[in-house]
Each structure stands twice: as C-alpha cells, then as structure tokens.
Amino acid sequence: MTSGTPHAERKYRSATAFQRRINPVLRRLPLQTVLETTGRVSGLPRRTPVGGRRVGNSFWLVSEFGERSQYVRNIKAEPRVRVRVRGRWHTGTARLLPDDDPVARLRTLPRFNSAAVRTFGAGLLTVRVDLDD
C-alpha cells in the first residue's frame, strides 16, 4: 500500500518513526486523549494517542495517514473502540467517513493536534466515534 510519491512515502516513514518513540510516553499521560482499538491480528487492545474533540455523543478525529494508519486498519476489522477523554474512558463504535472534508473538520478540532496532522499527514481521513454514553 503506497501513497504515490517518494516525498509522501518519506513523510510517512519519518512521522511513524517519530510516533513509535513518542506514543508510549503520551498514552501514559492521564489527560492525553487515547483511542483504544482491538488489534486486527492479535486481538489485543492497541492504544494510540490522538487529538480530537467530543461533540455531544460523538468523538471526532482525523487520521493523518488515512487507511494506512494502523488504528484505522483495526477499526475496519473491529469498529468497537474505547476513547479516553479527560481521563475518563468511553465505549463506542467508530465510523470511517471518507466523504467528510478532513481539512474542514480539522478546523473544528484542537489547534495543536490539527497543525501536526496537517504538517505530517497525507491522505487524511475523518473518523467519528459514536459513543454509548
């Protein structure tokens, strides 16, 4: 699964290398927003720090690498997820929204994360989690 250009591939590889180092630290921070998916091969919980925003009974985020993101691949296999927002876990069902405008969506989400997604991202994809509570 390639993203098309050598520049996009370098961008993807450098961003994922950085994330492999920083994500284990970030997901331990009590107030960091975290998305927990079920590993599509292992069946084990997989936690990924994300930026996004809860709006009513939905949590919105934008995947910076679209369907190349491991958590998006996990969602496709098992859409039931958990999201930790402000230290509290919520269960829900994730939905991939390829028809949503991810750039417009980023303007409604927290600025710091949105800037990072725009900087490092290629093939953005909107994800909505319909929360059970």
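This is a predicted model: local features need pLDDT of at least 70, side-chain atom pairs count only at pLDDT 80 or more; totals for chains, interfaces and linings use all residues.
β3 pairs with β4, which covers residues 58-63, and the two run in the antiparallel sense. I found three bridges holding the pairing.

**Entry: the whole sheet**

Next I followed the strands across. The sheet is open and has seven strands, in the order β2-β1-β5-β6-β7-β4-β3. The pairing is antiparallel. I checked the ends too: β2 (45-49) and β3 (53-55) are the edge strands, and each of them pairs on one side only. Going from one strand to the next, I get an average twist of 35 degrees.

**Entry: a helix on the sheet**

Then I went to α2, residues 70-77, and saw that this helix packs on the sheet. I listed what α2 touches: β1 (34-38), β2, β4, β5 (80-85), β6 (88-97) and β7 (125-131). The direction of α2 makes about 50 degrees with that of β1.

**Entry: reading along the chain**

I counted up the elements and got four helices and seven strands. Starting at the N terminus, I read them off as α-β-β-β-β-α-β-β-α-α-β. I also looked up how far apart the touching residues are in sequence. Among contacts between residues at least 6 apart, 67% join residues at least 24 apart.

**Entry: what is inside**

How many of the 133 residues count as buried? I noted 41% of them. As a reminder to myself, nonpolar side chains in soluble globular proteins tend to be buried together. The largest nonpolar core has 15 residues, and Leu35, Phe59, Ile75 and Val129 have the most contacts inside it. β4, α2, β5 and β7 each give two or more residues to this core, and β7 gives the most, with four.

Leaving aside residues up to four places away in sequence, Leu35 touches Arg46, Arg47, Thr48, Val50, Tyr71, Ile75, Val81, Arg82 and Val83. There is a second, separate core as well; it has six residues, among them Trp60, Val62, Leu109 and Val117.

Last thing I looked up was the surface. The accessible surface of the chain comes to about 7,800 Å², and carbon and sulfur atoms account for 54% of that.

Methods:
Residues are numbered from 1 along each chain as its sequence is written. Side-chain values use heavy atoms; hydrogens and water are left out. Two strands pair if DSSP finds at least two bridges between them. Axes are lines fitted to C-alpha atoms, for helices over the stretch in contact, and angles run from 0 to 180 degrees between N-to-C directions. Contact means heavy atoms within 4.5 Å. Buried means under 20% relative accessible area, exposed over 50%, partly exposed in between (1.4 Å probe, protein chains only). Accessible areas come from the Shrake-Rupley method with a 1.4 Å probe; for residues, only the protein chains shown count as cover. A nonpolar core is a set of buried Ala, Val, Leu, Ile, Met, Phe, Trp, Tyr and Cys residues joined through side-chain atoms within 4.5 Å.
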